[in-house]
Amino acid sequence: MWQAVFFVPLAQMAELPTFNRAVKDMENLPRIDMIATGRNITRLRKKAGLNVRELQEAFGFATPQAIYKWQRGMSLPTVDNLLILSVLLGVSLDELIITCN
């Protein structure tokens, strides 16, 4: 059975009550503070007694650039790398990631 699909222009979507509610709800969601998370990664790495080179080897990275970017807050690890990092640093994901509202 076929169903018709209608596309609503973005300008008209803003007039829809459900769209406005969804946007308001998204404003209240927590966001990752990349800079604070990077500082936290650095702090936790040092606390665990690891250097950048050791993390690089644990992840199998050819260069340490990705780790330096994480620590500076220029990028975030992928979800799977966040999980590995939390295990290597001996913390939970909640302890690793810093959020802001």
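Me: If helices are DSSP runs of H or I with at least four residues and strands are E runs with at least two, how many helices and strands are in the chain?

Reply: In this predicted model, the chain has seven helices and two strands, and along the sequence these elements follow the pattern α-α-β-α-α-α-α-α-β.

Me: Why is Val52 called buried?

Reply: A residue counts as buried under 20% relative accessible area, and Val52 is at 7%, so Val52 counts as buried. Val52 has its place in helix α4, and, not counting residues up to four places away in sequence, Val52 touches Arg45, Pro64, Ile67, Tyr68 and Gln71.

Me: Why is Arg43 called partly exposed?

Reply: Buried means under 20% and exposed means over 50%; Arg43 has a relative accessible area of 46% and is therefore partly exposed. Arg43 is found in helix α3, and the C-alpha atoms of Arg43 and Gln71, 28 residues apart along the chain, are separated by 9.2 Å.

Me: Which residues of helix α5 are buried, and what puts them on the same side of α5?

Reply: In helix α5, which spans residues 65-72, the buried residues are Ile67, Trp70 and Gln71. They cover an arc of only 95° around the axis, and therefore lie on the same side of α5. An α-helix has 3.6 residues a turn, so residues three or four places apart point the same way. The buried residues of α5 pack against α3 (34-47), α4 (52-59) and α6 (79-89), and just after α5 Gly73 takes a positive phi of about 75°.

Me: How do you know that α3 and α5 meet, and which residues are involved?

Reply: Contact means heavy atoms within 4.5 Å, and Ile35, Gly38, Arg39, Ile41, Thr42 and Arg45 in α3 meet Trp70, Gln71 and Arg72 in α5. The residues of this contact divide into three nonpolar, three polar and three charged. The axes of α3 and α5 come within 5 Å and cross at roughly 115°.

Me: What puts the buried residues of α6 on the same side of that helix?

Reply: The buried residues in α6 are Asn81, Leu82, Leu85, Ser86 and Leu89. They cover an arc of only 140° around the axis, which puts them on the same side of α6. The cover over the buried residues of α6 includes α3, α4, α5 and α7 (93-96), and just after α6 Gly90 takes a positive phi of about 70°.

Me: What makes up the largest nonpolar core?

Reply: A nonpolar core joins buried residues of nonpolar kinds through side-chain atoms within 4.5 Å, and the largest one has 12 residues in all, among them Ile41, Val52, Phe59, Ile67, Trp70 and Leu85. At least two residues of this core come from each of α3, α4, α5 and α6. Leaving aside neighbours within four places in sequence, Phe59 is in contact with Trp70, Asn81, Ile84, Leu85 and Leu88. In soluble globular proteins, nonpolar side chains tend to be buried together.

Note on methods: Residues are numbered from 1 along each chain as its sequence is written. This is a predicted model: local features need pLDDT of at least 70, side-chain atom pairs count only at pLDDT 80 or more; totals for chains, interfaces and linings use all residues. Side-chain values use heavy atoms; hydrogens and water are left out. Buried means under 20% relative accessible area, exposed over 50%, partly exposed in between (1.4 Å probe, protein chains only). The arc is that of the directions from the helix axis to the C-beta atoms. Axes are lines fitted to C-alpha atoms, for helices over the stretch in contact, and angles run from 0 to 180 degrees between N-to-C directions. Ala, Val, Leu, Ile, Met, Phe, Trp, Tyr, Cys and Pro count as nonpolar, Asp, Glu, Lys and Arg as charged, and the others, Gly among them, as polar.
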